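Have a look at the model first, and then we can go through it by topic.

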Amino acid sequence: MTDAPDGRPRPADQSRHRGVRGLTIARDAAVQGWRWWARSWDRLVAALQDEAPVGSAAPPSPSGPLVEQRDAPRLIAVPARGYVYSFYIRATFAWSSPASLRAEVLSWYVQYFQPNAIQRLTRLAADAARDLPPHRAGDLEVALQRALDEDPLWHYQRGDITLTCRPDAAVRLDERIMPALQPHVDRLVKLEYQFDEQLRQARYAEELSRRWTAILDDHTDDDDLADARDHMLTAQREAARWIADLLHRHANPSSDPTVQVPQQASPRSLDGE
């Protein structure tokens, strides 16, 4: 066919060119779409087979099983004795699998199993807290840790996948009970400081008496020094009894914490004599 007299392509030629161009664009789009689908399919198959995607730039996986640590989304509340106050438990779970799972696969299974682990820990804590008064958070934490030590690894299975969970827990007091406990805690802190101070003085007195006794042993011929030596030995024995009494009272807080400090002979008094 020839062009029109004015030099422009005939209408039939224009339609044919547009049709060819449209087919070419459609073919290129189909080829690109097929290539994208093939790459996506390869990645999907590799993920399901737990292998790294072909041609990906992902870093190599670390050796050994992956471990994912998850905190409970909120504090676990269990009632104390009397069911008026509660203990609050901050729980952490360390998840792993003996199989070589990818991180995203492990995360999915952790998300699936963690509610079961939280429920199990809640039952353990509730059993331990049922007979404890609300100010005994330390005793609950010790009992809960003892129970977890007896069964440190929890196992969960779905199909051929097995996950291992290692729980950990820390106990907090109910905030409503803290104002009532504050005066008693302050008194215990004061008594503990007094005990440390008295024990330090008793040990110093015993050490001082021992040193003076050793010095006076070298002058046993002098009657005055012999009397001073006997006095120092008596003071040394008194200091030893003081230390024993302090340690006994500290081990039995129900006893009277007031301890009389024995009078100790000092070097200045000996010089004055």
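This is a predicted model, in which local features need pLDDT of at least 70 and side-chain atom pairs count only at pLDDT 80 or more, while totals for chains, interfaces and linings use all residues. Residues are numbered from 1 along each chain as its sequence is written, and side-chain values use heavy atoms, with hydrogens and water left out. The chain's secondary structure comprises six helices and five strands (DSSP runs numbered from the N terminus, with H or I over at least four residues for helices and E over at least two for strands).

**Overall layout**

- Along the sequence, the elements follow the order α-β-β-β-α-α-β-β-α-α-α.
- The chain has 273 residues, of which 25% count as buried (under 20% relative accessible area, with exposed meaning over 50% and partly exposed in between, using a 1.4 Å probe and protein chains only).
- Among the chain's contacts (heavy atoms within 4.5 Å) with a separation of 6 or more, 68% are between residues 24 or more positions apart.

**Salt bridges**

- Side chains of opposite charge can pair when their charged atoms come close.
- Searching the whole structure turns up seven salt bridges (a side-chain nitrogen of Lys or Arg within 4 Å of a carboxyl oxygen of Asp or Glu).
- One of them joins the side chains of arginine 102 and glutamate 104, with an N to O distance of 2.8 Å. Arginine 102 is partly exposed because its relative accessibility is 26%, and glutamate 104 is partly exposed at 45%.
- Another pairs aspartate 139 with arginine 136 through their side chains, at 2.2 Å from N to O. Aspartate 139 has 33% relative accessibility and so counts as partly exposed; arginine 136, at 34%, is also partly exposed.
- Glutamate 197 and arginine 200 form a salt bridge too, and their closest N and O atoms are 2.7 Å apart. Both residues lie in helix H4 (residues 178-216), three residues apart, or about one turn of the helix. Glutamate 197 is partly exposed with a relative accessible area of 25%, and arginine 200 is partly exposed at 48%.

**Around serine 97**

- Where does serine 97 sit? Its place is in the loop between strand E3 (86-96) and helix H2 (103-129).
- Is serine 97 buried or exposed? Serine 97 counts as buried because its relative accessible area is 4%.
- The serine 97 side chain reaches the backbone nitrogen of alanine 99 at 3.2 Å. A polar atom of that side chain also lies 2.9 Å from the backbone oxygen of threonine 162.
- Once neighbours within four places in sequence are set aside, serine 97 is in contact with Pro65, Leu66, Thr162 and Leu163.

**Packing of H2 and H3**

- The axes of H2 and helix H3 (residues 137-150) come within 9 Å and cross at roughly 130 degrees (axes are lines fitted to C-alpha atoms, for helices over the stretch in contact, with angles from 0 to 180 degrees between N-to-C directions).
- That angle makes H2 oblique to H3 (under 35 degrees counts as roughly parallel, over 145 as roughly antiparallel, 65 to 115 as roughly perpendicular, and the rest as oblique).
- In H2, Leu121, Leu124, Ala125, Ala128 and Ala129 meet Leu140, Ala143, Leu144 and Leu148 in H3.

Methods:
Polar contact = N/O pair within 3.5 Å; in protein donor to acceptor, adjacent residues only side chain to side chain.
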